[in-house]
Amino acid sequence: MRRAPLGILLVIGFTVLASCSRERALVTRDPAAPRTFCLRNVRLFDAPRGALVAGLRDVVIREGRIAAIAPAGMNVPGAPEIDGGGGVLLPGLVDLHVHLGADSGPPWRLALPNPSRNLEAFLYAGVTTVLDLGNLTPDVFRLRDAVAVGDVLGPRVFAAGPMFTAPGGHPVALLRFALPWWLRWYVIPRFSREVATPQEAQKQVAELAPARPDVLKIAVDRVPFEAPRLTPEVIAALAASAHQHGIRCLAHVGRSADVVDAVAAGVDALAHIVYLEEMSDAAVEAVAAKHVPVIATISVFDSQERFLLDRPPPYLDIEREVASPGVLDALRVVPPSFDRKPVEPVLRAMVDGHETRRRNVAKLHRAGVVVLAGSDSPNFGHFPGASLHLELRDLVEAGMTPGEALRAATYENARFLSGADADYGEIALGKRADLVLVDGDPVTDLAALDHPRAVFLEGVALRRRSHLEGD
């Protein structure tokens, strides 16, 4: 009898262990829940304006869509009613940079990712649409389609599939460091596409196109700092090939030179702010001239820097609500056996660049560049769903108003993903009833967003139960 390779046996065994330790669901959906009802006495967040509408409103939901909006007290015969009690109703949040196949635990805690758990965490935090910018292929496209038909509960998923990079570039170099040998052989070729020439770029994009990626992700950065990087010619070939197949492309950048090369190559958006240095005037001018939006992701770099701080800031309530207790325990202490020398220069750069990242966002905002909202979660110490709340706070620290940050995470993000006719991202007639109801005024204080009273997915009120609640 032929024996299975050791690596496959280990993967199977670890998967079984993970399934045996399944935690209670953060979010569930009652299949019998009504999708037609009247939500009364709410204040509406006008996402296009980034402001609250004056006065109380009633909102009628019919079969998961917004059917009517009127001043409080309208007559809606026969429809069940929910009293919003003066709370603020917002569109469901949109996170433009996630990795559903990643994990929030540290590299010294060996654990397989749990995409279903990540999807639940996003919904728990009021995130009803996500863009996955790097994941195992074709797994992520299958997950996207399963969510779309209702076989898996989660926010609407858009996906890039693999990251295109130089041979040995990011994320390949990081995966070789972070993964045990018996997983590298499986993960790396499914998570990345290594290309060295324009011809290889054209070929590999053509091979991916039948999987219908929603966008193409191009890594134009060095992580670690000595890792190889794509040449301008290959970046341009990737962008051109994507456009030939009707696919927009985003570039992962870290330095000003990365921005200049990516914009010159014709990319449609930047994933990350310049996080390693003060952004040059030439880079800002290039982005503004081509009207290239930027997904800032300040919070993911903040989450990395906390591991070099003597007194890291405490986690928010919503972080602790979605985080697995085992992950939180593992994050508290770095074991002596963990060798962080390979990544310490990057972590140190995160600490040193704390204020620089905020200044760079402010530069772009002043230049009229559209700043979009994405978390890059889950990541090391960075929790799905909750991290977008952190990102909105960081955008405010960078000079945006809370209303502008919320506009980015709803209206602007939706328009980037689905165009001017997006059926989500604002509270308007005919839009999907992906909604979040909160107490307080998030346009004045974003902390009000951290404790949703209700989250609706296509008109269905989800049942939410955090890790902090008892069994």
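In which loop is Asp 434 found?

Guide: Keep in mind that this is a predicted model. Asp 434 is found in the loop between helix 16, residues 402-418, and strand 18, residues 435-438. Its relative accessible area is 4%. Buried means under 20%, so Asp 434 is buried.

Now look at what surrounds Asp 434. Leaving out residues up to four places away in sequence, Asp 434 touches Leu 90, Pro 91, Gly 92, Thr 128, Phe 456, Leu 457 and Glu 458. Glu 458 also has a polar atom pair with Asp 434. The backbone nitrogen of Glu 458 lies 2.7 Å from a polar atom of the Asp 434 side chain.

Take Thr 128 from that list of contacts. Strand 9 covers residues 127-132. This leads us to a sheet. Here 3 strands form an open sheet in the order 8-9-10, with parallel pairing. Strand 8 (93-98) and strand 10 (156-159) stand at the edges. Each has a single partner strand, so one side of each is left without a neighbour in the sheet. On average, neighbouring strands of this sheet are turned by 20° against each other, direction ignored.

Zoom in on one pairing. Strand 8 and strand 9 pair in the parallel sense over 4 bridges. Val 94 stands opposite Thr 129 in strand 9. A helix goes with this sheet too. Helix 2, residues 115-124, lies across strand 8, strand 9 and strand 10. Helix 2 runs at about 135° to strand 9.

Strand 13 (residues 215-220) and strand 14 (residues 248-253) pair in the parallel sense over 6 bridges.

Most peptide bonds are trans. Two bonds to proline here are cis. The bond from His 170 to Pro 171 is cis, with omega near 10°. Pro 171 lies in the loop between strand 11 and helix 4 (172-178). The bond from Val 223 to Pro 224 is also cis, with omega near -10°. Pro 224 sits in the loop between strand 13 and helix 7.

Most residues other than glycine have a negative phi. His 291 is not a glycine, yet its phi is positive, about 55°. His 291 lies in the loop between helix 9 (281-290) and strand 16 (294-295). Its relative accessibility is 70%. Exposed means over 50%, so His 291 counts as exposed.

Glu 63 is another such case. Glu 63 has a positive phi of about 50° and is not a glycine. Glu 63 lies in the loop between strand 4 and strand 5. These two strands form a hairpin with 2 residues between them. They run antiparallel, joined by 6 bridges. Val 60 stands opposite Ala 68 in strand 5. At 53% relative accessibility, Glu 63 counts as exposed. Strand 4 (residues 57-62) also pairs with strand 2 (residues 37-46), in the antiparallel sense, over 4 bridges. Ile 61 in strand 4 is the bridge partner of Phe 37.

Last, a helix pair. Helix 10 (residues 298-305) and helix 14 (residues 354-366) pack at an angle of about 175°, with their axes 10 Å apart. That makes helix 10 roughly antiparallel to helix 14. Helix 10 makes the contact with Ile 298, Phe 301, Asp 302 and Glu 305, while helix 14 uses His 354, Arg 357, Arg 358 and Val 361. These residues divide into 3 nonpolar, 1 polar and 4 charged.

Methods: Residues numbered from 1 in each chain as written. Predicted model: local features only at pLDDT ≥ 70, side-chain atom pairs only at ≥ 80, totals over all residues. Heavy atoms only, no water. Buried < 20%, exposed > 50% of the residue type's maximum accessible area, 1.4 Å probe, protein only. Polar contact = N/O pair within 3.5 Å; in protein donor to acceptor, adjacent residues only side chain to side chain. Contact = heavy atoms within 4.5 Å. Pairing = 2+ DSSP bridges. Axes fitted to C-alpha atoms, helices over the stretch in contact; angles between N-to-C directions. Parallel < 35°, antiparallel > 145°, perpendicular 65-115°, else oblique. Nonpolar A, V, L, I, M, F, W, Y, C, P; charged D, E, K, R; others polar.
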